[in-house]
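Thanks for making time this morning.

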Amino acid sequence: ADGLCALHQLRLVEPRDATPVTGTKRDIALVRRVPVQPGDRITVCDISLETNAPAVIAALDAGATFEWFDHHRVGNVPPRPALVLHHDPSPTVCTSAIVDRHLGGVHRAWAVVGAFGDNLDETAASLARTLDLDATSVAALKRLGECLNYNAYGDSVDELLVHPVELLRRMAGFARPADFAAAEPVFAQIDRAMQDDIVCAHALAPIDADAAVACFELPDAAWSRRVSGAFANRLARANPRRAHAVLTPSGGAFTVSIRAPIAHPRGADRVAVLFENGGGREAAAGINGLPAADVPRLLKELRRAFRPEG
């Protein structure tokens, strides 16, 4: 949701004949998939520069230029004039909000959608107040953001209801998110599937829980992989002082979604990077390919990070 809404804002202001490169939520090492030619202009939204650093350096050396909008980890990429970075790692900021700031708020309603999709409800509500929207309109933007976010999760794009490139194509030209939601039947399709999957997820009991941390394990099914992020976000909102982890089977291991407590949205990334293929941001992070044998260690690190002070 955040990456799509960020890029959509940019393209409403500056339409460009470009080739989109994207994938599932966890498919973030995207720059290496770009067949770079000298003079290429590459716009990047909502993926970690740290994860893409080797490919970025190679692309810069090949003569490409970058404009990068993100709130994830940057790493140690040396500054280059050809790499223009718009970065803000604050836990209350998402990439759609960074683009909104860059554009002076000209398509802010889409930034509201992106923020809601990134589970930043207070940020989204703050942006929405500047648009003088009624409660029903804000709720509709929230539902759209949640649906776009839900559609991003899966082991491959084959498990997604709509390919992200197709979703971006359908969004093109819609200056108002409400018009997109009303005109596109794909929105209702995604919404129905999300509601069905959420009901299944909420029927599960945690495998481990106390006042500080709760951990849930979803079954090995496509619906579980689709709903894991939306489920983690809803758990976080329902228990804002507790951290959450949602484990989803994938290829003989687990994909993990980590949410820091909304009341204190820091530390999720620091837990994730303790494990191979872990990363993210302070409020929300994840781990790919976590072996089952490492689950007890994950629970230990979650409690170490989020235990109450005092």
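Let me begin with a term: I call a residue buried when its relative accessible area is under 20%, and partly exposed when the value falls between that and 50%. Please also keep in mind that what you see is a predicted model.

With that cut-off, the buried residues of helix H2 are Leu49, Asn52, Ala53, Ala55, Val56, Ala59 and Leu60. In general, an α-helix has 3.6 residues a turn, so residues three or four places apart point the same way. As for what lies over the buried residues of H2, the cover includes strand S2, residues 65–70, and strand S3, residues 83–87.

The helix itself, which runs over residues 49–61, bends by about 45° at alanine 55, a residue that is also on the buried list. After the helix comes glycine 63, which has a positive phi, near 105°.

Now to the aromatic side chains, where the count of pairs comes to four. One of them joins phenylalanine 174 and phenylalanine 180 in an edge-to-face arrangement, with 5.7 Å from centre to centre and 70° between the planes. Phenylalanine 180 is buried, because its relative accessibility is 1%, whereas phenylalanine 174, at 21%, counts as partly exposed. Both belong to one aromatic cluster together with Trp110.

Finally, at another ring, that of phenylalanine 275, the charged end of arginine 297 sits over the ring, 4.1 Å from its centre.

Technical notes. Residues numbered from 1 in each chain as written. Predicted model: local features only at pLDDT ≥ 70, side-chain atom pairs only at ≥ 80, totals over all residues. Heavy atoms only, no water. Bend = angle between axes of the 7 residues up to and from the residue. Helix = DSSP H or I, 4+ residues; strand = E, 2+ residues; numbered from the N terminus. Buried < 20%, exposed > 50% of the residue type's maximum accessible area, 1.4 Å probe, protein only. Contact = heavy atoms within 4.5 Å. Phe/Tyr/Trp six-rings, centres within 6.5 Å; stacked < 30°, edge-to-face > 60°. Lys NZ or Arg CZ within 6 Å of the ring centre and 35° of its normal.
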